Amino acid sequence: MVKLSFAFWALSLNLISGTFGSPPPFVDNFRVFNSSLWIEKKGIDSPQMHPCTMFLPDPELLVFSSPAANDGLTLFLADAPCRQSPDPCTPCTASAGSLRSATEYLYGTFSVTMRGPHDADLHIPYVYAFFNVYSDTSPTTINFQFSTNDPIRQVHLTYVKDSTHDLDVPVAFDPYMSFNTYTIVWTPDQLAFVINGHDVWVVTDDIPAIPMKIDLLIRVSTPNGVYHSAQTDIQSASYSPYSS
């Protein structure tokens, strides 16, 4: 009876702390495509973000062993019109694609070393890259956003649970030309956004509390039918479970 009671107590503690059944930690340097970790998503299929699915034209979205990314990964969008699903999106207004985790995670430390979207013309408007921890069944998300509409030395942070919280963070480097490490430390009681090892935003209110996926996304909006190619480079991604 004592053993049974202790086992039940340990199981309950693990369930409460979020450590029971946590996925194993990983570090991926993107030398090859790891299908046990990632799914290639061509288009955005989140009805919370967009009313239709937006598909990519050829060529392939993912380019591995990119010299620009130091043997990492490049997410590349072609300079061509996007294809689209049927109405209500007419005409198609964006191309997009992402590398999405095959597994959902509840709490933990998520880290990506990357540089923001860029091309030969660094002033192309409406190009976005995201390092997301997000839900594909609700608006809940935690993310770093890089947009060519923003000032060069700025990174946009967002998290959403019951309401949307965001912050523009000035940085001392150019996030579109240099590789930097962006980290999300997500626990039941706190959310920390970290850049190159330094906390830039720590919050304790309205913390997301549902399992979510990692999503490394690039999107190019196409106002007035003008299309541009764009890319974002990723050197590595990692996850370690939360432990109370």
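Colleague: How many helices and strands does the protein have?
Modeller: In this predicted model, the protein has one helix and 15 strands.

Colleague: And what share of the residues is buried?
Modeller: Of the 244 residues in the protein, 49% are buried, and the accessible surface comes to about 11,500 Å², with 57% of that area belonging to carbon and sulfur atoms.

Colleague: What about contacts between residues 24 or more positions apart?
Modeller: Among contacts in the protein with a separation of 6 or more, 66% are between residues 24 or more positions apart.

Colleague: Let's turn to S101; where is it found?
Modeller: S101 is found in strand 5, which covers residues 94–101, and its side chain has a polar atom 2.8 Å from the backbone oxygen of T103.

Colleague: Is S101 buried or exposed, and why?
Modeller: S101 counts as buried because its relative accessible area is 1%, and the cut-off for buried is under 20%. Not counting residues up to four places away in sequence, S101 touches L37, W38, K213 and I214.

Colleague: Switching to I184, which strand is it in?
Modeller: I184 has its place in strand 11, residues 180–186, and I184 is buried, with a relative accessible area of 0%.

Colleague: Which residues is I184 in contact with, leaving aside neighbours within four places in sequence?
Modeller: The contacts of I184 are G108, T109, F110, F131, V133, I142, F144, L191 and A192.

Colleague: How far apart are I184 and F144?
Modeller: They are 40 residues apart in sequence, while the C-alpha to C-alpha distance between I184 and F144 is 8.8 Å.

Conventions:
Residues are numbered from 1 along each chain as its sequence is written. This is a predicted model: local features need pLDDT of at least 70, side-chain atom pairs count only at pLDDT 80 or more; totals for chains, interfaces and linings use all residues. Side-chain values use heavy atoms; hydrogens and water are left out. Helices (H or I, at least four residues) and strands (E, at least two) are DSSP runs, numbered from the N terminus. Buried means under 20% relative accessible area, exposed over 50%, partly exposed in between (1.4 Å probe, protein chains only). Contact means heavy atoms within 4.5 Å. Accessible areas come from the Shrake-Rupley method with a 1.4 Å probe; for residues, only the protein chains shown count as cover. A polar contact is a pair of N or O atoms within 3.5 Å; within protein, one must be able to donate a hydrogen and the other to accept it, and residues adjacent in sequence count only if both atoms are side-chain atoms.
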